[in-house]
Amino acid sequence: GRMNPGPPSIPELDELTITIVVDNATDTLSSISPGIPQLPEMAYVLGRVPPIGTHDGHDCVVALDHLCVACHGFSALATARQGDRTATVLFDVGPYGDVWVANAERMAIDLSSIEVLFLSHWHWDHSGGITTVVAAIAEARDRAGRPPLVVDVHPDRPDQRGILTPLEIFAMLPPEPTIAAIEAAGATVAVHGEVHDVADLFLASGDIPRLTTYETGLAGHHTWRGDEVTLDPEIHDERFLAAKVRGRGTTVLTACSHAGVVNVGLEAKRLLPDQPIDLLLGGYHLAGTTVEDRIEPTVADLTDLVAPRIVAPGHCTGWRAAAQLANAFNPSGYAPSVVGSRYVLSAT
């Protein structure tokens with residue numbers, strides 16, 4: 001039979017910048033450990049907002065009304081540069097379009113530069129704001145004379161999802177945006193279930209193989225398609241996005257790690273072999289009674305098997321896992337994904 005083609009090759013980048021537009025946590029005060037390539041939100045605000053005056057020879061900048069708003073969801077903006085080629089990809093949008101648009105404005109993000117919106121998986125806390133965000137980006141790109149935004153989604157779109165809680169009530173996510181609604185907002189929809197490159201400089205995973213024994217998905221998770229309801233703990237439509245920076249290694253953007261963050265890391269190593277994982281950023285989904293017993297084996301396997309240089313947990317990781325990850329990776333390898341934060345990864 002036909003040889004199974006390997007993953008498409010993506011180039012090594014000169015620089016990769018990741019900006020957290022939506023996350024569950026805001027923390028602009030904590031100091032960043034030396035050597036961590038993370039920039040605090042406040043530094044950007046103080047450098048960008050015009051001063052209202054001076055005192056004792058110092059500029060006075062009104063800053064605290066420019067801080068981003070946190071909510072239950074995730075969105076990260078990734079800009080890759082290789083030589084004179086730059087590509088900007090938006091990874092998820094979070095639940096509320098108005099929060100995304102307001103945070104993007106607070107951070108002075110150039111909406112017209114966003115070429116691709118990559119949806120990691122069909123969960124409302126990642127997809128809910130999509131039509132509002134697409135409309136805002138589409139308008140900005142149109143004004144700038146740029147081609148339409150591409151929205152990259154998994155083909156297996158559910159109508160709605162929910163989780164059966166210990167209270168014996170389904171906690172329902174709102175209905176998922178339709179393909180038609182995304183197109184009507186001004187985007188071109190591209191459907192991908194397999195490994196593929198995104199904007200030439202990023203690599204998207206296909207179905208994430210389940211290799212560990214303990215990462216068994218989200219218990220009680222159900223998927224609605226029309227009148228059909230299925231128990232769906234594994235959430236196979238989930239995909240991650242990766243890029244590699246010369247001399248640093250692979251950065252992985254994972255939204256919720258329903259496949260298990262260790263499985264995510266191992267698949268990134270398989271798709272981009274012969275180099276270390278540099279930054280493992282996103283939701284590790286270790287919050288909730290059904291998954292908290294995975295924290296210890298996850299931290300052990302992240303330390304030994306995946307061995308990222310830096311963990312940047314956010315969104316659905318939860319405080320228990322965050323505390324253990326901080327203990328394992330701090331001070332030189334712990335850089336939590338808080339809203340308004342930026343990571344600048346430069347080639348060495």
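**Cavities and a helix pair in a predicted model**

By class, four nonpolar, two polar and four charged residues make up the lining of the second largest cavity. The model is a predicted one. The residues around this second largest cavity are E41, Y44, V45, R48, H66, C68, R106, M107, G340 and R342. Helix α1 (residues 41-48) contributes the most to that lining, with four residues.

In total, the structure contains two cavities of 30 Å³ or more. The volume of the largest cavity is about 80 Å³. Its lining comprises 13 residues, of which S257, G260, Y284, H285 and R294 are the closest to the centre. Five residues of the lining of the largest cavity are nonpolar, six are polar and two are charged.

The packing of two helices was also examined. Helix α6 spans residues 261-271, and helix α7 spans residues 295-306. The two pack at an angle of about 15 degrees, and their axes lie 9 Å apart. Angles under 35 degrees count as roughly parallel, so α6 is roughly parallel to α7. The crossing of α6 and α7 is left-handed. On the α6 side, V261, V262, G265, L266 and K269 make the contact. On the α7 side, the contact is made by T298, D301, L302, L305 and V306. By class, the contact of α6 with α7 has six nonpolar residues, two polar ones and two charged ones.

Conventions. Residues numbered from 1 in each chain as written. Predicted model: local features only at pLDDT ≥ 70, side-chain atom pairs only at ≥ 80, totals over all residues. Heavy atoms only, no water. Axes fitted to C-alpha atoms, helices over the stretch in contact; angles between N-to-C directions. Parallel < 35°, antiparallel > 145°, perpendicular 65-115°, else oblique. Left-handed = near helix turned anticlockwise from the far one by under 90°. Contact = heavy atoms within 4.5 Å. Nonpolar A, V, L, I, M, F, W, Y, C, P; charged D, E, K, R; others polar. 1 Å grid on protein atoms, 1.4 Å probe; cavity = no way out; pocket = protein on both sides within 12 Å on 5 of 7 lines; lining within 4 Å. Points joined across faces, edges and corners; volume = space filled by probe spheres on them.
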